[in-house]
Amino acid sequence: MRRLFPATLLVSAGAIGYQLLLMRMLSIVQWHHFAYMIISIALLGYGASGTFIALFESRLESRFEAAFATSALLFSITMVACFALGQHVPFNALEVVWDSRQFLNLSLIYLVFFVPFFFAASCIGLAFTCRRKDISRIYFFDLFGAGLGAIVVIGALFAFIPEDALLVLMTLPLIASVIMSTRSSARAPLMTVQLLWLALLVSGIPQNQLGLRVSEYKGLSQALQVIDSRILDVSSSPLGQLTVVESPTVPIRHAPGLSFNTLHIPPQQLAVFTDADSMSAITRFDGDLNSVAYLGDVTAALPYALLDKPDVLVLGAGGGSDVLLALYHGANSIDAVELNPQMTKLVQETHAEFAGFVYDDPRITVHTSEARGFVAQSGTQYDLIHIGLLDSFAASGAGVYAQSESYIYTKEAIREYLEHTTPGGLLAITRWLKLPPRDGLKLVATAIDALRTMGVSKPGQQLVVIRSWNTSTVLIKNGPLMADDIQSVRQFARSRSFDTAWFPGIQASDANRFNVLSEPYFYNGTKALLGPRAGEFAERYKFYIQPATDNRPYYFHFFKWATLPEVIALRRAGGAGLIEWGYLILIATLVQAAIAGLVLVLLPLSRIKRIWPAGTGPRMGAYFLLLGLAFLFIEMAFIQKFILFLSHPLYSVAVVLSGFLVFAGLGSVLSERLAGKLEGNDCSPVAIAVGGIALFAIVYVILLPLVFQRCIGFSDPVKIVISVVLIAPLASSMGMPFPLGLRYVAATAPNFIPWAWGINGFASVISAVLATLLAIEFGFVFVILVALVLYAIAALIFVSPTGPRSPNPLRQ
């Protein structure tokens, strides 16, 4: 047992760490972390391994040490092998719209990454099955290892690039295999393979196959196709991999929204790609503001035409272009906020001379913080809050962010920004231009809703919208726009051939004059959204442009089911770009998760003899199915909701997933005591546990926004502690119904236990994906409420096997 406990801890740490590492890898290679898919894959591994152990328990139990050591060794090997193999699957997310083979490639990725989790889960399952007397201590080390694994991988990602962090993680199950093989019956062959695997690692052969194969459609891949372009720097952290590219022969010219009328050429620039996309630019600056005069001819310069020497807050400073924009226009002071400290280091240290030591200017203060958190904790009011382009044009236009949570552009965020502007101050947001309009109109709808929640009866009096050929800028004033403001807007737009889409008093003839579209879409859409029939217009519109909220922070989600037949009909006539591939992948993943769960978890169980009392199968099968769905619904909703508080998806997954695992395990232990105390009375422990779940979940739905508002500006370690404290009581309650159900089944129908594990595992596999789909469509609160309904039904099933007043099943 002294060998089993640390071995269990190491395998569990490796499994959680591998989940987080795959999310990081997919963010770089593709455009999204696919957290829902990775969690589903991991759960499929645990479900399938449970079925495998149930089928071959008698053979495995007599060879426990050898089976555990072999599984751990195979986990270590397949972590590396499948990581490399997954890179060679020709999956291209952008082609799913017109190439049905990409769905097959997606399935291959799903199955390839399933293999390591199967071996990891086999280790844990074998420990539970073959060492039942120490199950509580094994469970402790399993869950403690999960929490430790999250810490290890986050630390490793700060120190290493993802490929090297993988090599750190794979040593954990390798050590576990060595520990368990010391007294195993297969010690000699195991040690031989372990030494061969170690020698292979030392030789560097696997590392040569681990290089990330970034999609050829991402910005970095495109930039490196330019003649003489080269990579200058690569730095990595959990917040993103930053790649600096120089192109001396064909100069980089990054000036989004630059007027065709400009007389100024941008100086030399370095491109900085975050996760191989989302390009920002470090601009060569020698201290002479005339060298960056082109910054006066972009749509983002509009607010400076209305302000004189403003105090400016730049959210998302990136490579410093928006800071230069403020300097060029004579800002009195500039607070520049950037989430990734490595990005700031590039401008402030690594390429400081190239950037003209711009951050050394006494007017500039650089803050390493998340945008919402900084604003919430700031006591300063600004004349201008500026939010520039935080994503790439190609990714934005292709719909790759449809599944991504973005709390920067929600109704609550815009209201918070405006509350931190001075009377008459401005909020300026620049976005890429999409046709037909989606992004721009959704931003306008969100701004209008935010103003109305602030008590503004005529939001149109405080809005300005202009556009160039590829960007649009929305200006929101803290107060009505005056006649001289409107005159300045018109003069600014006219002199640069920008089109005005909205300002107070605009006429149809003022719109669509320079960058001419077939119809004045932006003017018509903004006018309709400000009119009395705005809801009807949004309902009829081909895309989903309802305001983004903190409950549904999917700002880049524009898909409507009603439009799908029309878009599919136009698929081969240029309409493919109207379909959001991210949404299609989510649906495809749900289908393949259901099929994989059925084939790998449930169907093999049919070989086990089904000998149990009549009615047990349907009733308890429904019970464990509902628990699997409900648990993951709440867990996934919390992962997505805590992204706002913890600033990054990877942090949220690591903290929330580990917190739920650890405290659900504690709840499992407490469930035994609860059942013992209720022995002899008619009160169901499951009903009490579900009551606790409902109480905490409803309280959190009400109070979490207030807690986040008050604490979002705290340091990351403090926020992690707060998150764990918040998760603990809910997760502990959620850890009780499953073991209580297993205890009842063990006492009344022991042959049903493998089916209980399998059914619960199948439900968990699909619910990780289904929860994300429901959150996008209906919001987090809806997902949590559905989970509570499922828990309530499960409690009723458990309490009432034959009727509403049946006795406690645990006493039968």
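Predicted model: local features only at pLDDT ≥ 70, side-chain atom pairs only at ≥ 80, totals over all residues.
View 1. Helix H7 spans residues 162-181. From its first C-alpha to its last it reaches 29 Å, close to the 28 Å expected at 1.5 Å a residue.

**View 2. The pair formed by helices H1 and H7.** The axis of H1 (residues 4-29) and that of H7 come within 9 Å and cross at roughly 160 degrees. Angles over 145 degrees count as roughly antiparallel, and H1 and H7 are therefore roughly antiparallel to each other. H1 passes H7 in a left-handed crossing. Residues of H1 that make the contact include Leu4, Leu10, Gly14, Gly17, Tyr18, Arg24 and Ile28. Among those contributed by H7 are Pro162, Leu166, Leu169, Ile175, Ile179 and Met180.

**View 3. The open sheet of four strands.** The strand order is S1-S2-S3-S4, and the pairing is antiparallel. Strand S1 (230-237) and strand S4 (277-283) form the edges, each pairing on one side only. On average, neighbouring strands of this sheet are turned by 20 degrees against each other, direction ignored.

**View 4. The pairing of strands S1 and S2.** Strand S2 comprises residues 240-246 and runs antiparallel to S1, to which seven bridges join it. Opposite Val234 stands Thr243 in S2.

**View 5. Helix H11 and the sheet.** Helix H11 (residues 341-350) lies across S1, S2, strand S3 (269-274) and S4. Its direction is at about 35 degrees to S2.

Note on methods: Residues numbered from 1 in each chain as written. Heavy atoms only, no water. Helix = DSSP H or I, 4+ residues; strand = E, 2+ residues; numbered from the N terminus. Expected span 1.5 Å × (residues − 1). Pairing = 2+ DSSP bridges. Axes fitted to C-alpha atoms, helices over the stretch in contact; angles between N-to-C directions. Contact = heavy atoms within 4.5 Å. Parallel < 35°, antiparallel > 145°, perpendicular 65-115°, else oblique. Left-handed = near helix turned anticlockwise from the far one by under 90°.
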